[in-house]
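Me: Please take a close look at a single residue in this structure. I would like to know where it sits and what lies around it.

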Amino acid sequence: MKRGEEPLVVIDGKVFKDTKKLEGLDPGRIENISVLKDASAVEKYGRKARNGVIEITTRKK
């Protein structure tokens, strides 16, 4: 994937501009993952989500 073509990453409501934040995320803490594509992503997050969105909710401690 080329730089600038990465999906937007949203973890617990906080928006990150690249997928590097996923590297440090403990898979055991993930409660839910949703993938938004096309118009639904842009509708919810604006133009910055034109390459899709990965929404992640983590388990609360």
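Reply: Leaving aside neighbours within four places in sequence, T58 is in contact with I11, D12, L25, R29, I30 and E31, where contact means heavy atoms within 4.5 Å. With one of these residues there is also a polar contact: the side chain of T58 pairs with the side chain of D12 at 2.5 Å. A polar contact is a pair of N or O atoms within 3.5 Å; within protein, one must be able to donate a hydrogen and the other to accept it, and residues adjacent in sequence count only if both atoms are side-chain atoms.

The model is predicted: local features need pLDDT of at least 70, side-chain atom pairs count only at pLDDT 80 or more, and totals for chains, interfaces and linings use all residues. Residues are numbered from 1 along each chain as its sequence is written, and side-chain values use heavy atoms, with hydrogens and water left out.

T58 belongs to strand 4, which covers residues 53-58. Helices (H or I, at least four residues) and strands (E, at least two) are DSSP runs, numbered from the N terminus.

T58 has a relative accessible area of 3%, so T58 is buried; buried means under 20%, exposed over 50%, and partly exposed in between (1.4 Å probe, protein chains only). Of the 61 residues of the protein chain, 31% count as buried. Among contacts in the protein chain with a separation of 6 or more, 52% join residues 24 or more positions apart.
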